Amino acid sequence: MKETELTFWRASVYGSLGLVCFLGLWELAIRFHLIDPFFLPPPSQIFTRAIRMTTGPDAVLLSDIKISASRVLAGFSLSVLAGVPFGLVMGVSSVVRATLNPIISIIRPLPALSWIPLSMLWLGIDEQQKYAIVFMGCFASILVYTTDATMRVDPVLRRAARNLGASDFQVLRYVILPGALPDLLSGLKVVLAIAWTCVISAEMVGANSGLGFRIWTAKEWSDTGQVLVGMISISVTVLILDIAFRGIERLLLPWQRKASGT
Amino acid sequence: MALIQLDNVTKVFSSRKGDVEAVCGFSLSIRNGEVVTLVGASGCGKTTVLNMVAGFIAPTSGKVLLEGEPVLRVEPRCGMIFQSYALFPWLTVRENVEFGPKVKGISRKIRKKLSRNYIEMVGLTEFADSYPGELSGGMRQRVALCRALANKPDILLCDEPFAALDAMTRQVMQQELLNIVSRSGQTVFFITHSIDEALILSDRVVVMSARPGQVKAVYDIELSRPRKIDVQLTDEYLKIKRKIWDLVEEEVKASMISSG
């Protein structure tokens, strides 16, 4: 079968069509009493609920989004700042790699959730604890992504740079870092999604604000509308962050956009 | 004194499967301003010789001397042109050419002038702000040539630089290299498996034996310069080409038998 690429507009039309059908079926299933709205409210009700949560007297949604997003960004930035330099060094030096690999292999498989008990004992439930959870969930992954990206830089480019007189540090700064950047950024995009999982889970277990907290409290009151508004807010926020990240990617990698191939 | 002196150089690569002697007892000296080409069958250790001159790998025994001093680390005075171009894909043509001067700490102003001159010399001025990924193979190799020359190497090492190019582009590139060499008196150590390429470019052709690589024969090429493509039709050219071809053929057959 011949597979042709759709244009952006045609793809958008099909996409909207799919979305409208999905929401329509959902709405109808409830209108025709196939599903009890107590368990799954219809889209129309979720929409009015969302409006009330953003404009009404108890408008908490936007501030919750802001709080969760800033936790994600703070924890994520911390782990980038720590993980990327470490990963670069690990990618370049086989000695450092061999030394640290066992430690990382032990830490990496641990789900961020498993750090919640310890982090709550150490840090309580304030902001630092949220950052710590994100950090523990992201750091090892960032380290591994950076190391892999570094090791995938074509060795002939390192050779060429040294042949042109570059010192070890200059090779790292001018060849390995930019050479690893494309793979590194796609790795970070994956880790950013992990960071969201961490924050939402941490907020569900112990917090006084944020989307995770809002969803969890709504469940206590059997308020499925609010649960769904919270869930959709996560989706939308992650989507927006992803678009922002792509923008940064395009800005940092102008050569990838123009090049037809290497 | 010779610019480059290889003295009884041997290189053994060890691996889990055992040791492989890539180069054995290789001796050669290259004078300033000479263009020397090393020809041999693939796998005979040509690139290993070049990598030792550049300082990428160290000889197992014997000496590699640059102006009488042993080459102990990667040597920026031996500018390398790689078969795979090895351009930095994230840098523009101009930035690639300026890489050597930049890491040496040469001021932006002088760098700019340098790169402008070299880029103009190979006719790529209008592509100065393009990325390597936007260029054809021949253009990329021109940029690589500029980048090596802008670093003012004592000797230009070329590792089959035109092997990946189509036949037409290849001839054009050979002529360009010839022009640059004749104008600047640049010393060149060139590796190829094409006898025609060797004969067009060189003052001397060194034929290498099959593995372990040794110098099998050296020919002074006295074809008059400047050499144009039609030199390939002269009797003198054909005579020497036949001689070298017989030698190389012997080695190719020998290596095919030894490697099964």
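**Figure 1. The antiparallel pairing of strands β9 and β10 in chain B of this predicted model.** Strand β9(B), which covers residues 204-208, is joined by five bridges to strand β10 (residues 215-220) of chain B, and the two run antiparallel. Strand β9(B) is mostly covered, since four of its five residues count as buried. A parallel pairing is also present, for strand β3 (residues 35-39) of chain B and β9(B) are linked over four bridges.

**Figure 2. An open sheet of four strands in chain B.** The strands of this sheet follow the order β2-β1-β4-β5 in chain B, and their pairing is antiparallel. Its edges are formed by β2 (18-30) and β5 (69-70) of chain B, each of which pairs on one side only. Strand β4 (residues 61-66) of chain B is joined to β5(B) by two bridges, again in the antiparallel sense. A residue pair to look for here is Leu65(B) and its bridge partner in β5(B), Pro70(B).

**Figure 3. Strand β6 of chain B, with buried residues pointing both ways.** In a regular strand, side chains alternate between the two faces of the sheet. In β6(B), Cys78(B) and Met80(B) point one way, whereas Gly79(B) and Ile81(B) point the other way, and all of them are buried. Strand β6(B) is joined by four bridges to strand β7 (residues 155-159) of chain B, and these two strands run parallel. Opposite Cys78(B) in this arrangement stands Ile155(B) of β7(B).

**Figure 4. Helix α1 of chain B, largely enclosed by the rest of the structure.** This helix, made of residues 46-54, is described as largely enclosed because eight of its nine residues are buried. The buried residues are Lys46(B), Thr47(B), Thr48(B), Val49(B), Leu50(B), Met52(B), Val53(B) and Ala54(B). After α1(B) comes Gly55(B), a residue with a positive phi, near 85°.

**Figure 5. The contact between chain B and chain A.** Here 20 residues of chain B are in contact with 18 residues of chain A. On the side of chain B that touches chain A, β6 (78-81) and α3 (99-103) of chain B each supply at least two residues. The element that gives the most to this side is α3(B), with three residues. Sorted by class, the side of chain B that touches chain A consists of 13 nonpolar, five polar and two charged residues. For the model, the predictor gives an ipTM of 0.89 and a pTM of 0.83.

**Figure 6. The kinked helix α8 of chain A and the residue Lys189(A).** Although a straight helix of 38 residues would span 56 Å at 1.5 Å a residue, α8(A) spans only 47 Å between its end C-alpha atoms. A kink of about 50° lies in α8(A) at Leu181(A), shortly before the proline Pro182(A). Lys189(A) belongs to this helix, which comprises residues 168-205. Because 16 other C-beta atoms lie within 10 Å, Lys189(A) counts as partly exposed. Leaving aside residues up to four places away in sequence, Lys189(A) touches Asp242(A) and Phe245(A). Lys189(A) and Val227(A), by comparison, are 38 residues apart in sequence and 26 Å apart in space, taken from C-alpha to C-alpha.

**Figure 7. Helix α10 of chain A and the helices against which its buried residues pack.** Helix α10(A), which runs from residue 224 to 252, has 29 residues and reaches 42 Å from its first C-alpha to its last, close to the 42 Å expected at 1.5 Å a residue. Its buried residues are Gly225(A), Gln226(A), Val229(A), Gly230(A) and Ser233(A). These buried residues of α10(A) pack against α2 (43-55), α3 (61-92) and α9 (211-220) of chain A.

**Figure 8. Predicted confidence along chain B.** The mean pLDDT of chain B is 89, and 99% of its residues reach 70 or more.

How values were computed:
Residues are numbered from 1 along each chain as its sequence is written. Chains are lettered from A and ligands numbered from 1 in the order in which they are written. This is a predicted model: local features need pLDDT of at least 70, side-chain atom pairs count only at pLDDT 80 or more; totals for chains, interfaces and linings use all residues. The expected span of a helix is 1.5 Å times one less than its number of residues. A residue is buried if 20 or more other C-beta atoms lie within 10 Å of its own, exposed if 12 or fewer, and partly exposed in between; C-beta atoms are placed from the backbone. Two residues are in contact if their C-beta atoms, placed from the backbone, lie within 7 Å. Ala, Val, Leu, Ile, Met, Phe, Trp, Tyr, Cys and Pro count as nonpolar, Asp, Glu, Lys and Arg as charged, and the others, Gly among them, as polar. The bend at a residue is the angle between axes fitted to the seven residues ending there and the seven starting there. Two strands pair if DSSP finds at least two bridges between them. pLDDT is the predictor's confidence in each residue, from 0 to 100.
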